[in-house]
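Reader: I am new to this structure. Please take a close look at the salt bridges and walk me through some of them.

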Amino acid sequence: MGLPALEFSDCCLDSPHFRETLKSHEAELDKTNKFIKELIKDGKSLIIALKNLSSAKRKFADSLNEFKFQCIGDAETDDEMCIARSLQEFATVLRNLEDERIRMIENASEVLITPLEKFRKEQIGAAKEAKKKYDKETEKYCGILEKHLNLSSKKKESQLQEADSQVDLVRQHFYEVSLEYVFKVQEVQERKMFEFVEPLLAFLQGLFTFYHHGYELAKDFGDFKTQLTISIQNTRNRFEGTRSEVESLMKKMKENPLEHKTISPYTMEGYLYVQEKRHFGTSWVKHYCTYQRDSKQITMVPFDQKSGGKGGEDESVTLKSCTRRKTDSIEKRFCFDVEAVDRPGVITMQALSEEDRRLWMEAMDGREPVYNSNKDSQSEGTAQLDSIGFSIIRKCIHAVETRGINEQGLYRIVGVNSRVQKLLSVLMDPKTASETETDICAEWEIKTITSALKTYLRMLPGPLMMYQFQRSFIKAAKLENQETRVSEIHSLVHRLPEKNRQMLQLLMNHLANVANNHKQNLMTVANLGVVFGPTLLRPQEETVAAIMDIKFQNIVIEILIENHEKIFNTLPDVPLTNAQLHLSRKKSGDSKPPSCSERPLTLFHAMQSTEKQEQRNSMINSSLESVSSNANSVLNSSSSLQPNMNSSDPDLDMVKPTRPNSLTPFRKAKALYACKAEHDSELSFIAGTVFDNVHPSQEPGWLEGTLNGKTGLIPENYVEFL
């Protein structure tokens, strides 16, 4: 079980559960910090003490093998499992290197020590500074609050108002510091998944380069290295998308925290001061209280925010009545009396403010009038699952498949918003929408059409795959067994309403056609999952935990695309029992890594730094566009359009590598993309790999070449000749 997610909404309540969750994250950061510090020490010893290289490498390997990653959430993606398993793989490699008595090392300090020290100082160090600031503000806020609550109600009104304003400012500052600290802790926990592993991978690559005695070992390590590189790239891409979403959510919480409160099982909860009578008089003890209206149960937990510990045993009583306490009857402000069925006497409680007291009395059905300040500010989308909606989606799909199926970055590169809105207004016009035979004019760019399709899906009143099934789809994606994942999602799809299922089928058939042309458009199944996951499976509540689940939303879409014929054209099998589902969720420590058929690999282009940054920014914008929208799409027709495979886009022709004719001598070639071999006759490689003796093969669309002494097949469109 991984670390629980830290919700920004809990910062306002500052509950005991929130403090315990925060402590678990802090403990994990301290553990990581100590481990990195020890790892750096071991690495330096490895560089300096060549005579003791054997023992130093063995200790280093043992340290790697003992450390275990803790992910955020209750399940891991295949990429995260690959990264988590990487440390054990590294340890095995180091032990084998020790057996070979390799003693040559160069550039280890630059590729290993410096990045780890940078991560420890800049990331973990920043988290520690944020913790100091958070602890200081906690103590300051609690002290001022206690002093404020002890003010006599007989003070002048101006003095009381000034004191109230001061407390509000301190409370707001404490809340902002709390949000920033939680955001920083969350960020460091996510960053370590790739910034910590990448230096280790680079260090190992350096060993392979300079230790000629480890040549055979490097060949054996090549397949896992390819898989890990792609997993790190996928994890980094997901982080860059989710980080901006988490930061956006934090800003929303700062601006208006009341509109983004987490749905709580309690009618009301928060801190109250409870009057207790003792031998030397009365005292006010701080409690974290919860109230459930259905059972009328009040639970009081004595808790000190400064120390972060309980001050006594929990107490639960059943509410009988709640009455506002008049100001002239007690020196304290914001007080109200509670009578319990199972406890004699009256319990006097003090709220933190007048508004807080009003909310408590409203929840407990007190004698104060009830005002409901919640207003529904949401507006319904204009898009619907009707004939117009299906007509719009069909027109967009037809235009994409006939004019732009091979366009690079299809659906990932977004169009100009003003153009997208203009196209949608034309398509949604009842006069033009009824003309089913009318195609979208060629004047509209493909990126404008694809953005219009995604925007229409988000304009629907609810997501296409429906709020009520969102958690079920996510749970299905988290199942360990691939066949069980597909079976469970198959069953869930057939529980959707007919129009939703028809529209989903129409869309998946189209995305399968797009993925089939990924060698030209670079949009693999995994990339399409990143684009459409947040659009089709948007959660009803925007939380940090929901953002962390985006990676599983993407996996659901990948499964739908890969298995669209089975899922939509056949009826699902008999649903699994709860016992079977529980068994399939059980993790196996020695489980084998997924094959290409179980989870597709992302193909990424080895481009120049400027081009790489532009593509990364485009991907982040696309993820933001998908996740933060207020309404998703649902479509309606089971028919799908066939793509035009004879596209003659001149821009695409320019980037196709030239293939030598039969008279061309053997040449060297460089890989443009990464590829995972599906058969023994094929070669696995990453972007930038150089092949020798490359020449045409007898297989159409394939070349034959040599890599590390092994001869095999290479996809023709994946390389360029040197």
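Predicted model: local features only at pLDDT ≥ 70, side-chain atom pairs only at ≥ 80, totals over all residues.

Author: Residues are numbered from 1 along each chain as its sequence is written, and side-chain values use heavy atoms, with hydrogens and water left out.

D168 forms a salt bridge with R171, their closest N and O atoms being 2.7 Å apart (a salt bridge is a side-chain nitrogen of Lys or Arg within 4 Å of a carboxyl oxygen of Asp or Glu). The two residues are three apart in helix α6, so about one helical turn separates them (helices are DSSP runs of H or I, at least four residues, numbered from the N terminus).

K184 and E187 form another salt bridge, at 3.5 Å from N to O. Both lie in helix α6, three residues apart, about one turn of the helix, and both are buried. Salt bridges with shared partners join K184, E187, R191, E195, R243 and E247 into one network.

E28 and K192 also meet in a salt bridge, at 2.7 Å from N to O. This pair links distant parts of the chain, 164 residues apart: E28 is in helix α2 (residues 16-48) and K192 in helix α6 (residues 157-195). E28 is buried at 6% relative accessibility, and K192 is buried with a relative accessible area of 1%. The structure holds 29 salt bridges.

Technical notes:
Buried < 20%, exposed > 50% of the residue type's maximum accessible area, 1.4 Å probe, protein only.
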